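Please look over the sequence and the fold shown here before reading on.

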Amino acid sequence: FPDKAPNEDAYRVKGTPDNVTFRSADRLPLKMEAHQNLARLIDVSALSRIDLAIRNADSFTGSLALELILVNTTLPAQQTLGAVPVNEQNAQTLSFKIPPEPMIRQFDELTIRFPRANYRATRSAKVAVERFFLIPRN
């Protein structure tokens, strides 16, 4: 604990995240994360922000946010860039600013968490991450 990947006997669903819904089998909240390995270390100080292009098909408008976490898997160390609410359906871009004094210098993985309101924490978020944009400092 915590597992880095689903166990062999984990329930699996095929399809895109914005078209598939699943629920907790035991009424406990689902912990939802997505991981994108970047295959090389990126200097945090070179960036001003990171934008996420998403597709949102979630019908619970206003009950969902996305948290972006920079991870250095070689240390391991991480830096959250905070959570941004997802307030509209369809395609949108969420922006995450790099703090002036980040806790880590480099990262090679992006982790996205999907915090949801308590009343719907047992249902999956219907959001697909389409693209990351690493925005350089001016």
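## Strands and the predicted model

Helices, of at least four residues, and strands, of at least two, are runs assigned by DSSP and numbered from the N terminus. With that in mind, the name E1 can be read as a strand label, and Ala39 is placed in strand E1.

## The four-stranded sheet

Four strands make up an open sheet, in which the order is E1-E6-E3-E4 and the pairing is antiparallel. Because E1 and E4 stand at the edges and each has a single partner strand, one side of each is left without a neighbour in the sheet. On average, and with direction ignored, neighbouring strands of this sheet are turned by 20° against each other.

E1 and E6 run antiparallel and are joined by seven bridges, and Glu33 has Arg113 in E6 as its bridge partner. E3 is joined to E6 by five bridges, again in antiparallel fashion, and here the bridge partner of Val71 is Glu109 in E6. E6 itself has six of its eight residues buried, so it is largely enclosed by the rest of the structure.

Between E3 and E4, which run antiparallel, there are eight bridges. These two strands form a hairpin with four residues between them. Asn72 stands opposite Ala77 in E4, while Leu66 has Val84 in E4 as its bridge partner.

## The three-stranded sheet

A further open sheet is formed by three strands in the order E5-E2-E7, and its pairing is antiparallel. E5 and E7 stand at the edges, each with a single partner strand, so one side of each is left without a neighbour in the sheet. In this sheet, neighbouring strands are turned by 20° against each other on average, direction ignored.

Within this sheet, E2 and E5 run antiparallel and are joined by eight bridges. Arg49 stands opposite Lys97 in E5.

## The nonpolar core

Which residues touch the most other members of the largest nonpolar core? This core has 24 residues, and those that touch the most other members are Ile50, Leu66, Leu70 and Phe107. The elements that give two or more residues to this core are strand E2 (47-56), E3, E4, strand E5 (90-97) and E6.

Ile50 deserves a separate look. This residue lies in strand E2, and its relative accessibility is 0%, so it counts as buried, for which the value must be under 20%. Ile50 and Leu94 are 44 residues apart along the chain, and the separation of their C-alpha atoms is 8.4 Å.

## The largest pocket

The largest pocket holds about 1,800 Å³ of space. Its lining consists of 49 residues, of which Ala5, Pro6, Lys31, Met32 and Glu33 are the closest to its centre. The elements that give two or more residues to this lining are strand E1 (33-43), strand E3 (64-72), strand E4 (77-86), strand E6 (106-113) and strand E7 (127-136).

How many residues of this lining are nonpolar, polar and charged? The lining of the largest pocket divides into 27 nonpolar residues, ten polar ones and twelve charged ones.

## Backbone details

The peptide bond that leads from Leu75 to Pro76 is cis, and its omega is near -15°. Pro76 has its place in the loop between E3 and E4, the two strands that form the hairpin.

Arg27 has a positive phi, near 70°, and lies in the segment before E1. Its relative accessibility is 77%, so Arg27 counts as exposed, for which the value must be over 50%. Ala39, too, has a positive phi near 70°, and its place is in strand E1. Is Ala39 buried or exposed? At 72% relative accessibility, Ala39 counts as exposed.

Methods. Residues are numbered from 1 along each chain as its sequence is written. This is a predicted model: local features need pLDDT of at least 70, side-chain atom pairs count only at pLDDT 80 or more; totals for chains, interfaces and linings use all residues. Side-chain values use heavy atoms; hydrogens and water are left out. On a 1 Å grid over the protein atoms alone, a cavity is a set of points where a 1.4 Å probe fits but cannot get out, and a pocket is an open set with protein on both sides within 12 Å along at least five of seven lines; lining residues have an atom within 4 Å of a point. Grid points are joined across faces, edges and corners, and a volume is the space filled by probe spheres set on the points. Ala, Val, Leu, Ile, Met, Phe, Trp, Tyr, Cys and Pro count as nonpolar, Asp, Glu, Lys and Arg as charged, and the others, Gly among them, as polar. A nonpolar core is a set of buried Ala, Val, Leu, Ile, Met, Phe, Trp, Tyr and Cys residues joined through side-chain atoms within 4.5 Å. Buried means under 20% relative accessible area, exposed over 50%, partly exposed in between (1.4 Å probe, protein chains only). Two strands pair if DSSP finds at least two bridges between them. Axes are lines fitted to C-alpha atoms, for helices over the stretch in contact, and angles run from 0 to 180 degrees between N-to-C directions.
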